[in-house]
Amino acid sequence: MTADLAAANSGAGKVRVAFDEASLAAWMAANVEGFAGPLKVEQFNGGQSNPTYRLTTPGQRYVLRRKPPGPLLKGAHDVLREARVQQALASTDVPVARIFAVCEDESVIGSAFYLMDMVEGRIFWDAAFTEVPKGERAAYFDAMNRVIAALHSVDVEAVGLGDYGRPGNYFARQITRWSKQYLDDELAGRLPDMDALVEWLPTAIPEGDETSIVHGDFRCDNMIFHPTEPRVLAVLDWELSTLGHPLADFSYHAMMYRMPGDIVAGLGGADPVPLGLPTEAEYIASYCARTGRTSIPNWDYYLAFNFFRLAAIMHGIKGRVLRGTASNAQARERAEALPRLAALACEAMAKCR
C-alpha cells in the first residue's frame with residue numbers, strides 16, 4: 001500500500017482545479033523578481049486540502065499553493081499563514097523553502113496564494129525509509145529528530161511570530177477546535193469512538209504548559225530530503241502550524257511508530273530494530289536530549305489526543321468528499337481510515353484510565 005500511496009501522491013500532471021493561467025503569468029511578471037515566461041502549469045498529485053501546482057519557466061521552477069475553491073470551514077486552508085511562518089523561519093535552523101511572493105488578491109486566480117521555490121530532493125512515503133540502505137536509515141530518523149527539536153527551540157518573539165497563535169492552554173483549545181469541527185460537520189456523520197474522545201480528552205489534560213511554534217503535521221512525507229544525504233532540505237505543508245505545546249507536536253510526529261502505513265507514513269507497530277531504526281524510546285530520548293528534557297510523562301495521553309486530532313482531520317476530508325470539494329483523487333480512500341484512527345485513539349485512552 002505504501003508504494004501505491006507514493007505513486008498516487010508523487011509527480012505532477014493535469015490541472016484538476018483550474019484557474020486563469022494568463023492572469024497568473026501577468027501577476028508574476030509584475031510581482032516576482034526575475035520571472036520570465038512562458039509559464040507551464042501542472043498540478044501536483046499529492047496534497048489533501050490546498051491545491052498545489054508546479055510552475056515551470058525556462059529559467060526557474062516554482063510551487064504555487066492556493067486555497068481550494070468552494071465553501072470553506074472558518075479558519076481552514078489559510079495559505080497566507082503558511083507563507084508567513086516559512087518566511088519567519090528562513091533565518092533559523094529549520095529548513096524551509098524560499099518564498100518568492102504572496103498574493104491576497106483573489107481576483108488573480110480565484111483565491112489567495114503564494115509562490116515558493118521548487119526544492120529538488122527526495123520525499124519518503126515509507127516511514128521505514130526502505131529506499132535507503134539499512135545502515136543509513138537511523139541517520140534519516142536523526143535528521144527528522146534534529147529538525148523538529150530545532151523548530152521547538154525557535155524564539156518566537158525573535159522571529160516575529162509572537163502573535164502567530166494564542167499562547168497557553170493548547171490542548172484545551174485544540175480539543176475544542178477539532179471537537180467542534182467534528183460535531184458541526186453533520187454530513188460526515190458521527191462515530192461512537194469519536195464521541196467518547198470528545199467527552200474524555202478535555203478531562204485528562206496533563207499538567208504543565210509550554211509554548212513553541214508547532215508544525216501540526218510533521219511527518220517524513222512532509223519533508224524534502226537531500227537527493228543522496230540524510231539531511232532535510234525543506235519542511236513542507238505548514239497549514240496547521242501555530243503557537244502550541246511542543247509535546248503535542250512531537251508526539252504527533254512520533255506517532256509514526258504506531259501508525260498503520262496505509263493511512264499515513266508509519267511503521268504500524270513493527271519492531272524498528274530489524275529495520276535499522278531507533279526504537280520509540282530511543283527516539284524520544286534523542287528529542288529530550290536536544291530540548292533539555294529528562295522524559296515525557298503521560299505519553300499515552302498525547303497519543304490519544306493526536307490520533308483523535310488526525311481522525312478529526314480525516315472526518316473533515318470525508319466531509320469535503322461528500323461536498324465534492326476534495327482536491328486529491330485519494331481523498332475518499334483517506335477518509336475511509338477515520339474509524340481505525342478513532343479506534344487507535346481509544347486504545348491509547350484506555351491505557352490512561
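The structure is a predicted model, in which local features need pLDDT of at least 70 and side-chain atom pairs count only at pLDDT 80 or more, whereas totals for chains, interfaces and linings use all residues. Residues are numbered from 1 along each chain as its sequence is written, and side-chain values use heavy atoms, with hydrogens and water left out.

## Overall form

The chain contains 11 helices and 10 strands, where helices (H or I, at least four residues) and strands (E, at least two) are DSSP runs numbered from the N terminus. Its C-alpha atoms fill a box of roughly 60 × 50 × 40 Å along the principal axes. The radius of gyration is 20 Å, which agrees with the value near 20 Å for a compact globule of 353 residues; this radius is taken over C-alpha atoms, and the globule rule is 2.2 Å times the number of residues to the power 0.38.

Of the 353 residues, 55% count as buried, and here buried means under 20% relative accessible area, exposed means over 50%, and partly exposed lies in between (1.4 Å probe, protein chains only). The chain exposes about 14,900 Å², of which carbon and sulfur atoms supply 50%; accessible areas come from the Shrake-Rupley method with a 1.4 Å probe, and for residues only the protein chains shown count as cover. Among contacts (heavy atoms within 4.5 Å) with a separation of 6 or more, residues 24 or more positions apart account for 72%.

## Strands and a helix beside them

Six strands form an open sheet in the order E1-E2-E3-E4-E6-E5, with antiparallel pairing; two strands are taken to pair if DSSP finds at least two bridges between them. Strand E1 (12–13) and strand E5 (99–103) stand at the edges with a single partner strand each, so one side of each is left without a neighbour in the sheet. Within this sheet, strand E4 (residues 61–66) and strand E6 (residues 113–117) run antiparallel and are joined by 5 bridges, and Leu64 has Leu115 in E6 as its bridge partner.

Helix H3 (residues 79–89) has as its buried residues Val79, Glu82, Ala83, Val85, Gln86, Ala88 and Leu89. These buried residues pack against E4, E5, E6, H4, strand E7 (212–214) and E9.

His226 lies in the loop between E8 and E9 and counts as buried at 16% relative accessibility. The side chain of His226 reaches the backbone nitrogen of Glu229 at 3.1 Å. Apart from neighbours within four places in sequence, His226 is in contact with Arg122, Arg231 and Leu233.

## Salt bridges

Side chains of opposite charge can pair when their charged atoms come close. With a salt bridge defined as a side-chain nitrogen of Lys or Arg within 4 Å of a carboxyl oxygen of Asp or Glu, the count comes to 17 salt bridges.

| Pair | Closest N to O distance |
|---|---|
| Arg290 and Asp142 | 3.0 Å |
| Asp185 and Arg323 | 2.6 Å |

Arg290 forms its salt bridge with Asp142. Arg290 lies in helix H8 (residues 280–291) and Asp142 in helix H4 (residues 134–152), so the pair ties together parts that are 148 residues apart in sequence. Arg290 is partly exposed at 35% relative accessible area, and Asp142 is also partly exposed, at 37%.

Asp185 forms its salt bridge with Arg323. Asp185 lies in the loop between helix H5 (170–184) and helix H6 (192–200) and Arg323 in helix H9 (residues 299–323), so the pair ties together parts that are 138 residues apart in sequence. Asp185 is buried at 4% relative accessibility, while Arg323 is partly exposed at 44%. Not counting residues up to four places away in sequence, Asp185 touches His315, Gly316, Gly319 and Arg323.

Elsewhere, Lys40, Glu42 and Arg54 are linked in a network of salt bridges.

Technical notes. Polar contact = N/O pair within 3.5 Å; in protein donor to acceptor, adjacent residues only side chain to side chain.
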